Amino acid sequence: MEKEEIINFMKIDFNIKPIDELNKRISFPNSQIKKIIFRERSGFFYKFTFSTTFDYLENKEVIFNEIYIFNLKSIEGDLSEYVLLESNLKKEEAPNFKNAYFVAKEELKKRIQEKTNNLSKVLILNLEKEKEKIEKRFGIETKGFQKELEEITNKLMEFARKGEVEKISEQKKLIQSIKEKSNFLAFEQDKLREIRLEHQKHLLNVENKLEKTTVIQYPIYVFTLDVKAEPLKKSFVVEFDPLAKEISGLTCESCSNKVREIFICSSGHASCKRCSLNCESCNKDFCKKCLKNVCEVCSKKICKDCSVRCFRCSKLVCKTHTKKNLISGRFYCNSCLKRCERCAEMKDPFTFRVSKKTNAEICEDCFRKEMQGKVIGEVFN
Ligand SMILES: [Zn+2]
Ligand SMILES: [Zn+2]
Ligand SMILES: [Zn+2]
Ligand SMILES: [Zn+2]
Ligand SMILES: [Zn+2]
Ligand SMILES: [Zn+2]
């Protein structure tokens with residue numbers, strides 16, 4: 001960049017209500033936003049004004065290009081829809097825009113390419129014409145000499161046939177003088193010199209100059225959102241770039257996609273709609289990561305709280321397909337429970353005892369009752 005470069009600092013005044021803009025763009029279907037606060041940080045983009053001088057033949061043509069660079073990409077710029085104000089930003093406070101300038105230079109090359117190509121084509125055609133003219137002019141003269149030489153040679157041959165020695169030497173002198181007069185070598189050099197000159201005249205000289213850099217500052221809004229999904233609380237930091245009209249910061253914790261609609265999982269994870277599921281047992285919302293268990297009896301997708309491992313067969317089952325033994329605190333799946341022939345209930349298979357009366361296996365409760373009956377019987381007998 002040239003030393004005497006001109007830098008202008010401007011800023012955009014967006015006439016917007018940041019929180020409204022945020023609410024328009026994001027939603028929390030299974031939770032409530034409790035609090036939103038925001039601050040501003042500065043975003044920047046640049047306008048580079050270049051002049052390009054096309055210097056060729058007798059012409060000097062100057063064109064101007066304004067190139068807008070945003071996030072290191074050239075954008076179709078038009079600032080007329082924004083309210084632009086003078087910014088009191090100092091050069092030291094502005095971020096380094098060297099890379100943006102390089103991108104702009106590349107874009108400039110693209111923009112002037114077509115004109116450069118067209119001018120080059122015209123110049124090449126023109127040069128060919130000029131060269132033809134030169135060739136023609138030199139050609140006529142050369143032909144004249146050649147014709148003279150041909151005639152003399154013919155004469156020479158004839159004299160030789162007739163043996164007229166004196167006339168031969170006379171013709172030889174004539175040839176020598178014509179050769180000297182035409183001086184082929186110098187002649188050819190003259191021609192080449194003229195062609196070279198035309199080449200130089202037809203060169204296209206393209207010169208780019210950075211005339212002005214405009215640094216445009218604008219506010220990016222950074223929000224902190226407190227969301228409540230009973231009994232959980234969660235905070236998000238979300239950015240809104242009013243120039244790109246883009247929201248960032250909301251990501252699904254399961255698939256890592258950027259999203260605008262966030263579901264809060266019962267374990268507190270943020271997830272997108274596709275990754276948000278219900279436990280088919282307790283019906284609470286969960287994310288994909290949290291809803292990995294499947295009941296091996298009924299195939300329902302169930303959450304951790306609703307999954308139980310059978311103490312006997314180790315199958316993972318949902319609560320509706322299990323029973324808890326109140327004394328041991330152990331869970332059993334339905335197929336591992338045993339029916340007690342006395343009370344007809346499904347009971348823990350490991351607690352059955354042999355009845356002293358009937359010799360059948362009966363459940364612990366029934367066994368206890370039998371024993372108590374026996375004791376009472378003994379007391380009364
Ligand atoms: Zn997802
Ligand atoms: Zn559940
Ligand atoms: Zn989760
Ligand atoms: Zn089940
Ligand atoms: Zn079991
Ligand atoms: Zn029983």
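Mentor: The model is predicted, so local features need pLDDT of at least 70, side-chain atom pairs count only at pLDDT 80 or more, and totals for chains, interfaces and linings use all residues. Residues are numbered from 1 along each chain as its sequence is written, while chains are lettered from A and ligands numbered from 1 in the order in which they are written.

Trainee: What makes residues 98-162 a helix, and how far does α2 reach?

Mentor: Helices are DSSP runs of H or I with at least four residues; strands are runs of E with at least two; both are numbered from the N terminus. Helix α2 has 65 residues. The expected span is 1.5 Å times one less than the number of residues.

Trainee: Where is the kink in α2 centred?

Mentor: On I112, with about 40°. The bend at a residue is the angle between axes fitted to the seven residues ending there and the seven starting there. Just after α2, G163 takes a positive phi of about 75°.

Trainee: Which residues of α2 are called buried?

Mentor: A100, V103 and A104. A buried residue has 20 or more other C-beta atoms within 10 Å of its own; exposed means 12 or fewer, partly exposed lies in between, and C-beta atoms are placed from the backbone. These α2 residues pack against β2, β3 and β4. Over the chain, 19% of the 381 residues count as buried.

Trainee: What makes a set of residues a nonpolar core?

Mentor: Its members are buried Ala, Val, Leu, Ile, Met, Phe, Trp, Tyr and Cys residues joined through C-beta atoms within 7 Å. The largest has 34 residues, and V238, F286 and C303 touch the most other members. Strand β6 gives the largest share, 4 residues. A second, separate core has 16 residues, including A100.

Trainee: Which residues is V238 in contact with, leaving aside its neighbours within four places in sequence?

Mentor: Contact means C-beta atoms, placed from the backbone, within 7 Å. The partners of V238 include L22, I26, F223 and L250.

Notes
Two residues are in contact if their C-beta atoms, placed from the backbone, lie within 7 Å.
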